[in-house]
Each structure stands twice: as structure tokens, then as C-alpha cells.
Amino acid sequence: MVQKSEIVMDTVAQLTAEGTEAEAAVQESFTRLQELEGLLSNYEEGSDAARLRDSAGSGAWVKVSPEMYHLLEISQRYSQLTDGTWDITAAPLVKLWGIGTDKARVPEPSEIEQVRGKVDWHKLELDGRDSARLLEPGMELDLGGIAKGYALDEVRKIYEAHGIKNGLINLGSSSMYGMGTSREGKPWRIGLRHPRRDDPKEYLKVEELFDAALSTSGDYERYFEENGVRYHHIIDPRTGYPAWCGREVTAEERTVSVVVIADGRDCGVKSDLLTTALFVLGKEQGGRLLKSLEAEDVQGEIVTEASLPPWQ
Ligand code: ADP
Ligand code: MG
């Protein structure tokens, strides 16, 4: 069993693999992760996202990498399916709130109103081949909710090419892929964090993964509190606020965390973006979407504040 960790894509990537080519598979995977970090960067000069931002509103098509194009196609399909709660053009709102940065603050309603108009996945156009464009000036992509899921799918392909049967791909604990079984020949067991307990090892529950991807999203990952409100990093593009903030909601309605398990093609990307969308949609609407995705080998759970086991 080979196991190695590296900091890449703003997270700790831990790769575990078993097999005669395990060493090579892990090495090649880290090289690919470094490559993807540049390719899928929101800001890095010359990256696809930066070039799309710079020509937003000009009408010009921007040729992007095949990786980026594939990712945008999937993203747009799921924006449609999730009523726009998944929106890869959320960047202007994400930046305005600045959650997780030292510039985090509650913006004025007028600022939110103004910026909200720049977030609209319908105004990201794909040409059906290899190019994309953003229709309004000031528009921008945020790949933060999808890049790790994509990376998961890419590492999994490398593992498969090296004949790895058993392994765990862990990108910062919020995106994972469990291949085959663990050392004891049992399914990989993944502990899910209790969203209101400080110790990350106090689990809400434990999931078993067998050739499947698992993704989690929660309001405990990146947030700040002001006047008793927890402002977190998952934005509702319809309101311009972090989901469930800025209006009266009950503990039965308020989502605190989401887990999605998926298998098959693109399962890393799918599970990653779906946790974000389901967080915004909430138990009722999100529950219906989950039901409709069962045939696609997607399963999930939307946890509300009211359904949490007691804490404190
Ligand atoms: P992580 O696992 O890295 O904590 P998530 O998978 O939960 O992150 O995705 C949250 C990130 O996605 C945010 O930090 C932001 O960059 C981006 N984001 C926030 N809201 C949305 C949204 N409604 N649609 C698409 N991306 C979003
Ligand atoms: Mg996610």
C-alpha cells in the first residue's frame, strides 16, 4: 500500500493505492493535480477562467482547454437541472462576500442587488466545440465548487490505467473516491463531520464507499458570524446571500450539510456540484431532485438543523 500527501489545489490531497504500479500511479496523479491546479485556476494570469473574465462582454469567443470545456458542459447541464442553484458564474457574489478571506463582510443590500445581475449561467455560452464566452462585462467563473470533483475523476482514470484495484483518493476530505476495498478487504469507511461539533472526528455518521465518489458540503467549512447569523461560503444565486441567510427560516428548513455518493462516469464532478446545489435547494426541493437522480446512481442526504443529533 502506497500512501502520500501533498498540498495542492488549496487542500491536502492524500492518495492511497495498492498494486504493482501503485507508486507510479500516485506519482503521476500528483503531477496531474499540479497541472489541473493551473488549468482550473480562477485567477492565474492566462488561465481559461482569467481569459474568459478579461473578454467578458466583448462578444469574442475564447478557446479553452478540452478539460475546461468538458467541465463547463457538465456544469451548464446541472444548472438547468438544479434550477440555477448550481451556477458556475457565481464569482461576483462569492467575491463580494469574501467568505474565507480576510475581507469577509456583510454587504449592503444595494451592493448585493447590483452584483446579482452579473451572476447568470444563461449568459455563459458554449459554441458546441471548444470555445466559450461570457455575455456581460464583469461576469466571471468560480470553479471552487467543481474543480476538486473534476480532479477526482482524473486521478481515478490514472489509477485505472495503472491497474489499481484498491485505493482511496482524498482531496481535503470533502471530495473522495473509494476504489475497491481497504487493507482489511472491507469497503472504505468515511466518517462524516457533525456540522456543529468542533472536533472533526466527532462523526455524524459513517458511510461505506465501494467504487464510488463521496462529496460533502456544509455551512461549517468556511464562515463568519455576525449578530448571531452564520454567513457561510455557499451562495444562493437567486437571493445573492449565503443560502438560508438574509431571511426568516425555521430549523426544519435550514440546511446545515449535504452528502452525495455517486458512481459511474464523471461521478466526482457530479457529486461535488450536487452537494452545493442541494445545499441551496434544501430538504424538500432537493429531496425531489435526489429522487429523480437515483437512476443515474446518485444518492444523497440533506441534513437540516432540526434533524441534527443534539450537540453542546
Ligand atoms: P468545498 O468542498 O471546497 O468547501 P463546496 O464544494 O462546498 O466547497 O463548494 C463551495 C464553493 O463553490 C464556494 O467556496 C464558491 O467558490 C463556490 N460556490 C458558492 N456558491 C455556489 C453556487 N451557488 N454555485 C456554484 N458555485 C458556488
Ligand atoms: Mg461541492
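Throughout this tour, a residue is called buried when its relative accessible area is under 20%, exposed when that area is over 50%, and partly exposed in between, as computed with a 1.4 Å probe on the protein chains only. The model is predicted, and for that reason local features need pLDDT of at least 70 and side-chain atom pairs count only at pLDDT 80 or more, while totals for chains, interfaces and linings use all residues. Residues are numbered from 1 along each chain as its sequence is written, chains are lettered from A and ligands numbered from 1 in the order in which they are written, and side-chain values use heavy atoms, with hydrogens and water left out.

**The magnesium ion**

Select ligand 2, a magnesium ion, together with Asp272 and Thr275: the ion is coordinated by Asp272 through O and OD and by Thr275 through OG1, at 2.4 to 2.7 Å. Donors here are N, O and S atoms within 2.8 Å of the metal (3.2 Å for Na, K and Ca), and since water is not among the atoms, sites may look incomplete. Asp272 and Thr275 are both buried, and because they sit three residues apart in helix H7 (residues 267–292), about one helical turn separates them. Helices (H or I, at least four residues) and strands (E, at least two) are DSSP runs numbered from the N terminus.

**Ser215, beside Thr275 in contact terms**

Next, select Ser215, which is found in strand E10 (residues 212–218) and is buried at a relative accessible area of 1%. Its side chain is joined to that of Thr275 by a polar contact of 3.4 Å; such a contact is a pair of N or O atoms within 3.5 Å, where within protein one must be able to donate a hydrogen and the other to accept it, and residues adjacent in sequence count only if both atoms are side-chain atoms. A polar atom of the Ser215 side chain also lies 3.4 Å from the backbone oxygen of Ser271. With neighbours within four places in sequence left aside, the residues in contact with Ser215 (heavy atoms within 4.5 Å) include Ser174, Val259 and Asp272.

**Ligand 1**

Move to ligand 1 and display the 18 residues around it, of which Thr85, Asp142, Ser217, Glu221 and Ile235 come nearest; a residue is near a molecule if one of its heavy atoms lies within 4 Å of it. An oxygen atom of the ligand is 2.5 Å from a side-chain N or O atom of Ser217, and an oxygen atom of the ligand is 3.4 Å from a side-chain N or O atom of Arg222. A nitrogen atom of ligand 1 lies 2.8 Å from a backbone N or O atom of Ile235. The protein covers 96% of the 580 Å² of accessible area that ligand 1 has on its own.

**Glu140**

Select Glu140, in the loop between strand E5 (131–134) and helix H6 (147–161). Glu140 is buried, with a relative accessible area of 8%, and its side chain makes a polar contact of 2.8 Å with the side chain of Lys95.

**Two residues with positive phi**

Finish with Ser173, which has a positive phi of about 70° although it is not a glycine, and which lies in the loop between strand E6 (166–171) and strand E7 (175–179). Ser173 is partly exposed, at 44% relative accessibility. Asp266, also not a glycine, has a positive phi near 55°; Asp266 is found in the loop between strand E13 (255–262) and H7, and is buried at 16%.

Technical notes
Accessible areas come from the Shrake-Rupley method with a 1.4 Å probe; for residues, only the protein chains shown count as cover.
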